[in-house]
Amino acid sequence: MAATEKHEILLESGTNEVEIIEFYLGSQSFGINVHKLREIVPYDPDAVTRVPESIPSMIGMLLLRGQTVPLIDLREHLRKRQGEQDLDTRKVVLVCEFNQEVNCFLVDGVNMIHRVSWKDMRPMDEFFTPYRPRFTGSIEVEDREIMIVDLEHVISEIFPEQADMMGQAEVPDDFKRDSRQDVKLMVAEDSNIIRNQIVTILQNSGYKQVTSFVNGEECYNALLALRDEMRNTGLDLSTRLNLLVSDIEMPSMDGLTLCRKVKTELGMKKLPVIMFSSLINEQLAYKCKEVGADSHISKPQINELVKLVDGFCLK
């Protein structure tokens, strides 16, 4: 396959696929979305400045190209198995960027990148309920189970001051309060914590009619039923729904695929769709535009999200 053809495949949007980089912590395989990874660098203990009175998994501040960034021992934070001995490995550092912040994660090694479908992503079993917030699911590749780490949740555990990352809702004036309460919104977000925060902030801002879904597939099925209802009744979609807010990373169906299907398969070209994700960068912004999204914004700018919704929905 020619390099140009490979490049085109990597730039395809709305295919419901994701590239996962597999890494090791002890003998277990883990993974993260490649879009969160800026680079992989060798681990140099001499480049780390220890942070006094920090939690055990917070190694310190890593000097990286003239800047200092937090370095987290991911194996320590995710609690290695009892009795499992440290492996004699050449550890590496995953330099990641999401939520407009750079953080580094120490791991035991990196294997390869896998291109997989969100449809094949399995939610965490109820048996792992105490640990589920740290993982978004798992996927089987070549007879190995790769657990997908929720790095955003890990960071919120290490830096509690960022846990309430969505901030506080503004107090709307009477005009906005009256106008917002008539607007009907849908939100698709797989993280329970973030989904509840988004809904709470929107409702506290005056947007009382918010329906939320745990992934893109559930949201799509609701929109499909709504489209059929509109066809049967002859009513306009705007009488039932005014705007959709969607995350990008979601099992079963990701946000890019959801947006593409909404705009093309369901024919809801006039329905404003805002992509609200920790992954927004130049490449992802291009993909959002490619699938027909009307706007995009990076977490955790919840008040900016409210302003965007105002711009689309308030006259």
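A residue is called buried when its relative accessible area is under 20%, exposed when it is over 50%, and partly exposed in between (1.4 Å probe, protein chains only). By that scale, Glu142 is exposed at 56% relative accessibility. The structure described here is a predicted model, in which local features need pLDDT of at least 70 and side-chain atom pairs count only at pLDDT 80 or more, while totals for chains, interfaces and linings use all residues. Residues are numbered from 1 along each chain as its sequence is written, and side-chain values use heavy atoms, with hydrogens and water left out.

To begin with the overall picture, the protein contains nine helices and 16 strands; these are DSSP runs numbered from the N terminus, helices being H or I with at least four residues and strands E with at least two. Of its 315 residues, 50% count as buried.

Charged pairs come next. Side chains of opposite charge can pair when their charged atoms come close. Counting a salt bridge as a side-chain nitrogen of Lys or Arg within 4 Å of a carboxyl oxygen of Asp or Glu, the structure holds 21 of them. In one, the closest N and O atoms of Glu145 and Arg122 are 3.7 Å apart. This pair links distant parts of the chain, with Glu145 in strand 11 (residues 144–149) and Arg122 in the loop between strand 9 (109–117) and strand 10 (135–141), 23 residues apart. Glu145 is partly exposed at 42% relative accessibility, and Arg122 is partly exposed at 33%. The exposed Glu142 forms a salt bridge with Arg144, at 3.3 Å between the closest N and O atoms; Arg144 is partly exposed at 23%.

Lys299 sits in the loop between strand 16 (295–298) and helix 9 (302–313), whereas Glu189 sits in the loop between strand 12 (184–188) and helix 5 (192–204), 110 residues apart. Elsewhere, a network of salt bridges links Glu17, Glu19 and Arg115.

Asp150, in the loop between strand 11 and helix 3 (151–158), is buried yet has no salt bridge. The nearest side chain of opposite charge is that of Lys36, 5.2 Å away; here Lys and Arg count as positive and Asp and Glu as negative, with His and the chain ends not counted. Leaving out residues up to four places away in sequence, Asp150 touches Pro133, Arg134, Phe135 and Thr136.

Turning to the interior, nonpolar side chains tend to be buried together in soluble globular proteins. A nonpolar core is taken as a set of buried Ala, Val, Leu, Ile, Met, Phe, Trp, Tyr and Cys residues joined through side-chain atoms within 4.5 Å. The largest such core has 29 residues, and Leu223, Leu244 and Leu258 have the most contacts inside it. Strand 12, helix 6 (216–233), helix 7 (255–263), strand 15 (273–277) and helix 8 (282–290) each supply at least two residues, and helix 6 gives the most, with five. Beyond its neighbours within four places in sequence, Leu244 is in contact with residues including Met186, Cys219, Leu223, Leu258 and Val262. Apart from this core lies another, of 25 residues, among them Leu37, Leu78, Phe105 and Val154.

Ser277 is found in strand 15 and is buried at 1% relative accessibility. Not counting residues up to four places away in sequence, Ser277 touches Asp247, Ile248, Ile297, Ser298 and Lys299. The C-alpha atoms of Ser277 and Pro300 are separated by 8.3 Å, although these residues are 23 apart along the chain.

Finally, the cysteines. With a disulfide defined as a pair of cysteine sulfur atoms within 2.5 Å, the count is zero. For Cys96, the nearest cysteine sulfur is that of Cys104, 7.6 Å away; Cys96 is buried, with a relative accessible area of 0%. For Cys259, also buried, at 1%, the nearest cysteine sulfur is that of Cys288, 7.7 Å away.

Key
Contact means heavy atoms within 4.5 Å.
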